Each structure stands twice: as structure tokens, then as C-alpha cells.
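Welcome, and thank you for looking at this structure together. Please take a moment with the sequence and the picture, and then we will walk through them step by step.

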Amino acid sequence: MPKASPTETSELAPPLPATYEGALSELEQLVIQLESGQMPLDLLLSGYQRGAALLAFCRDKLQAVEDQIKVLDGVQLKPWNGT
């Protein structure tokens, strides 16, 4: 019987959330778990990898919004003053 490849035996990563808010919420929960020190060692690497994927997703979403704002504001991104 042939051995299964590592990709066949490992669980597939869950899909990324559909929204920035969903990804941010999951990332916040993951950070809490990682910082608690209660996460089993074998899950630390997969947790870190999931966090990196969520962070990249959030950055991409923010960049897309910033790019849209630049188009709307004529390429010059105006500083936000909070009002």
C-alpha cells in the first residue's frame, strides 16, 4: 500500500472569511489563543500560519479600499481628520 502524501493526510485550511470584519474577528480570537499559552504545541504552527493568512487578507482588503479612495479623490489620498 503506497504512503499518502503529506497534503493528502493534512487537513485543508478553512477558507478565508468573506469580509474584512470576519477576518479581523477571527484573527483577534486567534491572537488571544496564541497569547494565552494554552494552545497545544502541535497547533501553534498551524495557528500562526492561519494568522498570517488572515493578516494578509485584511491588508489586501484595506489596500483595495485605499486604492478605490485614491481613484475617487483623483489619485491624491487626503489625510483623514476623523470628522
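Ser-46 has its place in helix 3, where helices (H or I, at least four residues) and strands (E, at least two) are DSSP runs, numbered from the N terminus. At 37% relative accessibility, Ser-46 counts as partly exposed; buried means under 20% relative accessible area, exposed over 50%, and partly exposed in between, with a 1.4 Å probe and protein chains only. The C-alpha atoms of Ser-46 and Ala-13 are separated by 8.9 Å, although the two residues are 33 residues apart along the chain.

Before going further, a word on what you are looking at. This is a predicted model, in which local features need pLDDT of at least 70 and side-chain atom pairs count only at pLDDT 80 or more, while totals for chains, interfaces and linings use all residues. Residues are numbered from 1 along each chain as its sequence is written, and side-chain values use heavy atoms, with hydrogens and water left out. The score pLDDT is the predictor's confidence in each residue, from 0 to 100. The protein chain has a mean pLDDT of 82, and 77% of its residues reach 70 or more. Among the elements of the chain, helix 2 has the highest mean pLDDT (94) and helix 1 (residues 6–9) the lowest (40). Over residues 1–10, pLDDT stays under 50, and the model has one contact beyond four places in sequence for them; contact means heavy atoms within 4.5 Å. Where pLDDT is low, the predicted coordinates should not be read in detail.

Now for the overall layout. The protein chain has three helices and zero strands, so to speak an α-α-α pattern when read along the sequence. Of its 83 residues, 13% count as buried. Among contacts with a separation of 6 or more, 66% are between residues 24 or more positions apart.

Ser-46 also leads us to the largest pocket. Ala-13, Pro-14, Ser-46, Gly-47 and Arg-50 lie nearest the centre of this pocket, which has 13 lining residues. A pocket here is found on a 1 Å grid over the protein atoms alone: it is an open set of points where a 1.4 Å probe fits, with protein on both sides within 12 Å along at least five of seven lines, and lining residues have an atom within 4 Å of a point. About 380 Å³ of space lies in the largest pocket, a volume being the space filled by probe spheres set on the grid points, which are joined across faces, edges and corners. Helix 3 gives the largest share of the lining, six residues, and helix 2 and helix 3 each supply at least two.

Arg-50, one of those residues nearest the pocket centre, also takes part in a salt bridge with Glu-26, the closest N and O atoms being 2.7 Å apart. A salt bridge is a side-chain nitrogen of Lys or Arg within 4 Å of a carboxyl oxygen of Asp or Glu. This pair links distant parts of the chain, with Glu-26 in helix 2 and Arg-50 in helix 3, 24 residues apart. Arg-50 is buried, with a relative accessible area of 13%, whereas Glu-26 is partly exposed at 29%. By this rule the count comes to two salt bridges. Lys-70 and Glu-66 form a salt bridge as well, with closest N and O atoms 3.5 Å apart; both lie in helix 3, four residues apart, about one turn of the helix.

What makes up the largest nonpolar core? Its five residues are Ala-23, Leu-27, Leu-54, Phe-57 and Cys-58. Such a core is a set of buried Ala, Val, Leu, Ile, Met, Phe, Trp, Tyr and Cys residues joined through side-chain atoms within 4.5 Å. Helix 2 (20–36) and helix 3 each supply at least two residues of this core, and the largest share, three residues, comes from helix 3.

Two more residues complete the tour. Gly-51, in helix 3 (residues 41–72), is buried at 11% relative accessibility. Not counting residues up to four places away in sequence, Gly-51 touches Leu-27 and Leu-30. Pro-17 sits in the loop between helix 1 and helix 2 and counts as buried at 18% relative accessibility. With residues up to four places away left out, Pro-17 touches Gly-22, Ala-23, Glu-26, Arg-50, Leu-54 and Phe-57.
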